Amino acid sequence: MTTFSYTAHALATGDGRSGRVRSDDGLIELDLGIPEGLGGAGGHVSNPEQLFAAGYSACFLSALTSVARAQRVKLSDARVEARVTIAGGSAGFDLSVELVVTAPGVPPETGEALLEAAHRKCPYSKAVTGNIPVKLTLSPGS
């Protein structure tokens, strides 16, 4: 059995949400800011929710591709949009996620089964299960 490991490194500086983030290899180097929806100025800056959405959507698509291949289902032009919502109230802030999957040419029943299997396999899904709500949606365009 082959084992492997990878550790990503990123450093946040400044005031967290109003600072910068940079990966150790320099491939990611972004200014961060508070989105308008949270009372910030918005503009040409990123935020932690966008970064989480980017990572989750890519990881979920990889898991989806893997389970489709194992089940001998042909995926062509599949895509995953992660919608990460942060909402606050008197108890603080909470996250929720909706993963919208488009899988052209895949029958709805097969697509739903693939989504559930990918959700069980995806490391991001495993990390958040029981901690934040995740809604899986098969896009009607699939």
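Reader: Two strands pair if DSSP finds at least two bridges between them; how many bridges join β1 to β2 here?

Author: Four bridges join β1 to β2 (residues 20–23), and the two strands run antiparallel, with Leu11 standing opposite Arg22 in β2. Strands (E, at least two residues) and helices (H or I, at least four) are DSSP runs numbered from the N terminus. This is a predicted model, in which local features need pLDDT of at least 70 and side-chain atom pairs 80 or more, while totals for chains, interfaces and linings use all residues. Residues are numbered from 1 along each chain as its sequence is written, and side-chain values use heavy atoms, without hydrogens and water.

Reader: Which strands stand at the edges of that sheet?

Author: The open sheet has the order β1-β2-β3, and β1 (10–13) and β3 (29–31) each have a single partner strand, so one side of each is left without a neighbour in the sheet.

Reader: Switching to the core, which residues touch the most other members?

Author: Tyr56, Phe60, Leu64 and Leu99 do, among the 26 residues of the largest nonpolar core, a set of buried (under 20% relative accessible area, 1.4 Å probe, protein chains only) Ala, Val, Leu, Ile, Met, Phe, Trp, Tyr and Cys residues joined through side-chain atoms within 4.5 Å. The helix α1 gives the most to this core, with eight residues.

Reader: And what do the buried residues of α1 pack against?

Author: They pack against β4, β5, α2, α3 (123–128) and β6, where contact means heavy atoms within 4.5 Å. Leaving out residues up to four places away in sequence, Tyr56 touches Val97, Leu99 and His119, among others.

How values were computed
Buried means under 20% relative accessible area, exposed over 50%, partly exposed in between (1.4 Å probe, protein chains only). Two strands pair if DSSP finds at least two bridges between them.
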